[in-house]
Amino acid sequence: MKKVLALIGILVLVGCTTKDFSSPGLDPIPGSVTYGGQPRTKLTKSPPGSTFPHNFIDQWGQQVDETYMVQPDRSLKIVHREIRPIRFNR
């Protein structure tokens with residue numbers, strides 16, 4: 001019985017995933033920090049691997065939430081993007 005529970009526990013842990021930031025990243029869209037190229041200023045105080053958010057409204061009126069990661073060469077990579085329509089309260 002203990003072996004079965006241990007096997008189930010191992011299978012559950014194997015099924016767990018973490019975010020994989022090793023991909024090349026998402027393509028920038030108008031409003032992204034990296035749209036039109038990398039920023040001219042380098043993030044010298046941010047350690048490589050650190051992330052920060054950026055929120056903006058795109059050209060279609062949708063709210064865009066992006067997360068950027070600082071690369072070892074101090075460039076930025078978009079690692080997550082969420083697009084939602086703007087909600088108007090009445």
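Biologist: To start, how many helices and strands does the protein have?

Modeller: The protein has one helix and three strands, where helices (H or I, at least four residues) and strands (E, at least two) are DSSP runs, numbered from the N terminus. Read along the sequence, they follow the pattern α-β-β-β. Please keep in mind that this is a predicted model, in which local features need pLDDT of at least 70 and side-chain atom pairs count only at pLDDT 80 or more, while totals for chains, interfaces and linings use all residues. Residues are numbered from 1 along each chain as its sequence is written, and side-chain values use heavy atoms, with hydrogens and water left out.

Biologist: Okay, and how many salt bridges are there in the whole structure?

Modeller: A search of the whole structure finds three salt bridges, a salt bridge being a side-chain nitrogen of Lys or Arg within 4 Å of a carboxyl oxygen of Asp or Glu. In general, side chains of opposite charge can pair when their charged atoms come close.

Biologist: Which residue does Asp65 meet in a salt bridge?

Modeller: Asp65 meets Arg84, with N to O at 2.5 Å. This pair links distant parts of the chain, since Asp65 is in strand S2 (residues 62–70) and Arg84 is in strand S3 (residues 76–85), 19 residues apart.

Biologist: Is Asp65 buried or exposed?

Modeller: Asp65 is buried, with a relative accessible area of 14%, whereas Arg84 counts as partly exposed at 31%. Buried means under 20% relative accessible area, exposed means over 50%, and partly exposed is in between (1.4 Å probe, protein chains only).

Biologist: What does Glu82 form with Arg84?

Modeller: Glu82 forms a salt bridge with Arg84, and the closest N and O atoms are 3.3 Å apart. Salt bridges that share partners therefore join Asp65, Glu82 and Arg84 into one network.

Biologist: And which residue does Arg81 meet?

Modeller: The side chain of Arg81 meets that of Glu66 in a salt bridge, at 2.9 Å from N to O. Here, too, distant parts of the chain are linked, with Arg81 in strand S3 and Glu66 in strand S2, 15 residues apart. Arg81 is partly exposed at 21% relative accessible area, while Glu66 counts as buried at 1%.

Biologist: Changing topic, how many aromatic pairs does the search find?

Modeller: The search of the whole structure finds one aromatic pair. The rings of Phe52 and Tyr68 have their centres 5.4 Å apart and their planes at 15°, so the pair is stacked. The rule is that rings of Phe, Tyr and Trp (its six-membered ring) pair if their centres lie within 6.5 Å, and planes under 30 degrees apart count as stacked, over 60 as edge-to-face and the rest as tilted.

Biologist: Where do Phe52 and Tyr68 lie?

Modeller: Phe52 lies in strand S1 (residues 51–57) and Tyr68 in strand S2, so the pair ties together parts that are 16 residues apart in sequence. Tyr68 is buried, with a relative accessible area of 0%, but Phe52 counts as partly exposed at 26%.

Biologist: What is Pro53 in contact with, leaving aside its neighbours within four places in sequence?

Modeller: With those neighbours left aside, Pro53 is in contact with Glu66 and Thr67, where contact means heavy atoms within 4.5 Å. Pro53 is found in strand S1, and it is exposed, with a relative accessible area of 63%.
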